[in-house]
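Hi,

Have a look at it first, then read on.

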Amino acid sequence: MSSGPPAADPAREWGRSGMAYLTGLPGPEFHAPDFSRAGVLEHARRLAPEAATWLTGRAALLGLTRAGRVSAGGATQLLAARDGWCAITLSRPDDVAAVPALLSADTVADPWPALRRWVATRPATQIVERAALLDIPAAVLGETAAASPRVRETGPRERLNGPAGLLVADLSSMWAGPLCGQLLARAGATVVKVESPARPDGTRAGNPKFFDWINGSKLSYCLDFDRQAGELRDLLTVADVVIEGSRPDALARRRLGPDDIPPRAGRTWLRITGHGPQSRRPAFGDDAAVAGGLVGRFVRGGPVFCGDAIADPLTGLEAARAVLDSLHRGGGELIEVAMAAVAATYAAVPTCPARSDQPVCAPQAPDVAGVAAVLGADNDAVRHLVAERRCLSC
């Protein structure tokens, strides 16, 4: 996570990295890769010189390409509302199952054509409000303002020498939080990936190479958050860093939130949300990017998606930097990072003019260092580690 020099030519780096391959209208008949957001990569490289790999790695592993107003991963679409644009994500079976209720229909054979017709007759804010009631991820284009992470002191500080040797409890899932945990692991921290047997990380069911890439350096700890809440409390009590990626009340109602765990000098608690700690709306990388206004230029009447679920990796990079900054200050903080606000921050980076003189390369698959642990494979080792730390603190 050290700072790197800015690219000499942002457009050239954008094309070579694979980001132009992932942004713009699809198909050879258009030849329309989009270079307007090239400054985003340049800005991200100030956090991590290898930022391009983190932004394009999933697409390379899954063989994705640009699809215009359909996300590269296929689960999110940009739809024209009566007064603007919005994004809707149908990535989970429950999202698809909720579409008839959203449309007030008995059945819906094909959700996307029906959604396009329904959305076109309504204001964008009304669409998103109704989707939120049904827990469907949705966003109005540009609804969120740029904002830095929120930081609140929660306990005493302690002089720390960076992440090496620290214990990180990673309760997050999918991409942003796990990427933050992976970056801390690569910096020398011991990272414990915590999952519930009832709801393991959803990316375990997807491409195994992507899961290995993001989680390959972590210990796997599987326990029931309700029946084994005491064990989870023990881990959180001795952890130096906690990464939380669920809705804030998911831990708070079990009395496992940052204000419920006994204070530990220097502990940094990172909370990643979609739309901020006061919002219960779900979010994924593509719709969160739309909320922040981080889209490609308008072509053929509308915006296009920028990259692959770009709010996810950008949030992971920003979250890792926020944790490192907190450790440098001595910790003792709760840091709250909203994916949509991160996207809005990058959307504020000046856009670049259209280019047709630069290469458009497919993203290169990242090196996958090792295979991630099987669910719960390290339970005994984690319990031993927690017991050792509890003894040292006695």
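Strand S1 (residues 76-80) and strand S2 (residues 85-89) run antiparallel and are joined by five bridges. Helices (H or I, at least four residues) and strands (E, at least two) are DSSP runs here, numbered from the N terminus, and two strands pair if DSSP finds at least two bridges between them. Within this pair, Leu78 has Ala87 of S2 as its bridge partner. Four residues separate S1 and S2, and the two form a hairpin.

Before I go on, the ground rules: this is a predicted model, so local features need pLDDT of at least 70 and side-chain atom pairs count only at pLDDT 80 or more, while totals for chains, interfaces and linings use all residues. Residues are numbered from 1 along each chain as its sequence is written, and side-chain values use heavy atoms, with hydrogens and water left out.

Axes are lines fitted to C-alpha atoms, for helices over the stretch in contact, and angles run from 0 to 180 degrees between N-to-C directions.

S1 is largely enclosed by the rest of the structure, because four of its five residues are buried. Buried means under 20% relative accessible area, exposed over 50%, and partly exposed in between (1.4 Å probe, protein chains only).

Next, the helix pairs around H9. Helix H3 (residues 51-62) packs against H9 at an angle of about 155°, with their axes 9 Å apart. That makes H3 roughly antiparallel to H9; the cut-offs are under 35 degrees for roughly parallel, over 145 for roughly antiparallel, 65 to 115 for roughly perpendicular, and oblique for the rest. On the H3 side the contact has Thr53, Trp54, Gly57, Arg58, Leu61 and Leu62, which meet Lys209, Phe210, Trp213 and Ile214 in H9. By class, the residues of this H3-H9 contact are six nonpolar, two polar and two charged. For the classes, Ala, Val, Leu, Ile, Met, Phe, Trp, Tyr, Cys and Pro count as nonpolar, Asp, Glu, Lys and Arg as charged, and the others, Gly among them, as polar.

Helix H8 (residues 176-186) also meets helix H9 (residues 208-215): their axes come within 8 Å and cross at roughly 50°. H8 and H9 are therefore oblique to each other. Pro178, Leu179, Gln182 and Arg186 of H8 make the contact with Asp212, Trp213, Ile214 and Asn215 of H9. That contact divides into four nonpolar, two polar and two charged residues.

Helix H14 (residues 339-347) is worth a look too. Eight of its nine residues are buried, so H14 is largely enclosed by the rest of the structure. Those buried residues pack against helix H2 (38-44), strand S9 (268-273), helix H12 (285-291), helix H13 (311-329) and strand S12 (333-338). The axes of H13 and H14 come within 9 Å and cross at roughly 95°, so the two are roughly perpendicular to each other. In this contact, Ala311, Asp312, Leu314, Thr315 and Glu318 of H13 meet Met339, Val342, Ala343 and Tyr346 of H14. The H13-H14 contact has six nonpolar, one polar and two charged residues.

Last, Trp14 and the cysteines. Trp14 lies in helix H1 (residues 10-17) and is buried, with a relative accessible area of 0%. Leaving aside neighbours within four places in sequence, Trp14 has contacts including Phe35, Leu41 and Cys306. Cys306 is itself buried at 2% relative accessibility. Counting a disulfide as a pair of cysteine sulfur atoms within 2.5 Å, the total comes to zero. The cysteine sulfur closest to that of Cys306 is in Cys352, 11 Å away, which is too far for a bond. Cys352, at 18% relative accessibility, also counts as buried.

Cheers

Methods. Contact = heavy atoms within 4.5 Å.
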